[in-house]
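Have a look at the model first, then try each task before reading its solution.

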Amino acid sequence: MKKLITAVLLTTTLSGCALIDAYFMAKYDNVEYALLNKINTLSELLVDDCKDQKKSHSNFEGLYWTAVELRNFSQYIPRNKETQKLAVNMVELTKQGKEMYEKGTPISETFCKLKLGQINRSAKVAQEVIGKKPR
Amino acid sequence: MSNLAQIQESFEAYKNAFEQGQISANEYKSLLEGLEVEKSVTINAEELQFKEHLHTAISAAISAASMLG
């Protein structure tokens with residue numbers, strides 16, 4: 001009954017488009033979830049490589065490729081706008097890290113750890129919400 | 001800790017790291033740009049979460065209406 005009241009209240013305050021959009025939203029997708037989990041896990045573990053400039057450069061490239069794969073995968077799924085935006089965010093964040101290593105100047109271990117922290121926190125936030133999409 | 005509180009804490013941490021010479025000006029700039037993206041992630045995640053809640057509520061209402069009918 002509580003849910004019914006909530007639904008009635010929502011239907012009276014939201015536009016028809018918003019309701020239709022929510023009801024037919026893209027369902028949970030294993031591939032999207034797995035790619036985010038990969039970014040989450042790698043960004044957690046790769047902190048150990050931050051002392052090694054060459055390894056870190058390659059690690060950031062790998063994270064960027066995974067984020068691009070997520071963006072490309074999610075982009076043509078209908079009614080998947082929010083996930084597409086999150087994927088674009090992940091591409092931007094990993095690209096920022098990758099580009100720092102491409103400048104050719106030495107990159108500090110602190111930067112490496114802090115940037116991986118940003119990627120890790122963002123991947124976790126996105127993974128949690130994408131994991132709750134309707135089945 | 002909320003996501004936005006975490007962003008605020010990170011901002012302070014980056015500022016300290018820069019002031020103590022642990023990161024360069026370019027690295028600091030990149031981290032600040034990253035915070036902007038983190039803020040956007042939080043907003044986009046909230047939008048998706050809202051839609052998920054709405055989906056659940058509509059589905060429940062349809063089920064309830066089906067039982068009544």
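**Exercise 1.** Does Ser74(A) count as buried or exposed, and why?

*Solution.* A note on the basis: this is a predicted model, where local features need pLDDT of at least 70, side-chain atom pairs count only at pLDDT 80 or more, and totals for chains, interfaces and linings use all residues. Residues are numbered from 1 along each chain, chains are lettered from A in the order written, and side-chain values use heavy atoms, without hydrogens and water.

Step 1: Ser74(A) is buried because its relative accessibility is 0% (buried means under 20% relative accessible area, with a 1.4 Å probe and protein chains only).
Step 2: beyond four places in sequence, the contacts of Ser74(A) include Glu32(A), Asn80(A) and Ala87(A) (contact: heavy atoms within 4.5 Å).

**Exercise 2.** Describe how helix 5 and helix 6 of chain A are arranged.

*Solution.* Step 1: the axes of helix 5 (residues 81-102) and helix 6 (residues 109-130) come within 11 Å and cross at roughly 170°; axes are lines fitted to C-alpha atoms over the stretch in contact, with angles from 0 to 180 degrees between N-to-C directions.
Step 1: helix 5 of chain A is therefore roughly antiparallel to helix 6 of chain A (angles over 145 degrees).
Step 2: among the residues making the contact are Met90(A) of helix 5 and Ile119(A) of helix 6.

Terms used:
Buried means under 20% relative accessible area, exposed over 50%, partly exposed in between (1.4 Å probe, protein chains only). Helices (H or I, at least four residues) and strands (E, at least two) are DSSP runs, numbered from the N terminus. Angles under 35 degrees count as roughly parallel, over 145 as roughly antiparallel, 65 to 115 as roughly perpendicular and the rest as oblique.
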